[in-house]
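Subject: Handing over the structure

Hello,

Here is the structure I promised to pass on. Please have a look at it, and then read on for what turned up.

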Amino acid sequence: GVPWRTESHTQAPGRWSKVAPLLGLLFVAFVVASVIVSNTPNTSNSPASILAYYKVHKDRVTVGAFFVAPAVVVGLFWFAYLRNWLQRRDVHERWGAVAFAGGILFAVTGAIAGGVEFALTDTVKHLTPATATALNFLEGDVPFILASMAFGLMAIAAGIAMIKSQYLPTWLGWFSLVVGILGVLPVGDFAALPAIGIWNLL
């Protein structure tokens, strides 16, 4: 055993342990819905076409942004459960804490993306092509890199915890470690968002 853990730290008993995993499914569903519904234009598009997109698809982007709030709230409850699930007797609690820190960063990422989307659609008739382009860059590129870092923190910390623990699945630990490392590398950060969804479902 480890001196800082004197008793087995298992999953939360009772109803919470049955409901909490469903939060992971809801979290993925809200995130996927937000991304699919919003479907914001590519940052390489011309300023005029970007502004025209938000004028034509204002309602669609607004609905997509509305999915962000429940995704953040449900996601934080899920990440809190994941932290407790990872903090077992034979693994230092730092790994669960680091994984939860990644979850908080991902929640901040979603809040930024949703806020920028609302800014784009709230007063779209007053936007200039240059302003729409700048906000579109913020909506696309900033969450992109933040999601990569968030996923890397979660997956790497969870992977190490699962590899070290005799109570947690080792194969999933190695999978988490590999995809977490890939997620923060330039060759793999483009896959961070879908990787988060798959990883949560596993």
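A word on terms to begin with: a residue is called buried when its relative accessible area is under 20%, exposed when over 50%, and partly exposed in between (1.4 Å probe, protein chains only). At 37% relative accessibility, F144 therefore counts as partly exposed.

Two notes on how to read the rest. This is a predicted model, where local features need pLDDT of at least 70 and side-chain atom pairs count only at pLDDT 80 or more, while totals for chains, interfaces and linings use all residues. Residues are numbered from 1 along each chain as its sequence is written, and side-chain values use heavy atoms, with hydrogens and water left out.

**Overall picture**

The protein has eight helices and zero strands, where helices (H or I, at least four residues) and strands (E, at least two) are DSSP runs, numbered from the N terminus. Of its 202 residues, 44% count as buried. The protein exposes about 10,200 Å², with carbon and sulfur atoms supplying 71% of that area; accessible areas come from the Shrake-Rupley method with a 1.4 Å probe, and for residues only the protein chains shown count as cover. Taking contact to mean heavy atoms within 4.5 Å, 77% of the contacts between residues at least 6 apart in sequence join residues at least 24 apart.

**Confidence**

The predictor's confidence in each residue is its pLDDT, from 0 to 100. Its mean for the protein is 82, and 83% of the residues reach 70 or more. Please take care with residues 1-12, where pLDDT stays under 50.

**The cores**

In soluble globular proteins, nonpolar side chains tend to be buried together. A nonpolar core here is a set of buried Ala, Val, Leu, Ile, Met, Phe, Trp, Tyr and Cys residues joined through side-chain atoms within 4.5 Å. The largest one has 27 residues, and F27, F79, W85, L86, F106 and M162 have the most contacts inside it. Helix 1 (15-38), helix 4 (68-86), helix 5 (94-122) and helix 6 (129-164) each supply at least two of its residues, and helix 4 gives the largest share, eight residues. Leaving aside neighbours within four places in sequence, M162 is in contact with residues including W85, L86, L168 and P169. There is also a second, separate core of 11 residues, with L51, V116, L120 and A132 among them.

V124 is buried, with a relative accessible area of 7%, and its C-alpha atom is separated by 6.9 Å from that of Y54, 70 residues apart along the chain.

N136 lies in helix 6 and is buried too, with a relative accessible area of 1%. Beyond four places in sequence, the contacts of N136 include T40, P41, N42, Y54 and L120.

Elsewhere, V184 lies in helix 7 (residues 170-184) and is partly exposed, with a relative accessible area of 43%.

Best wishes
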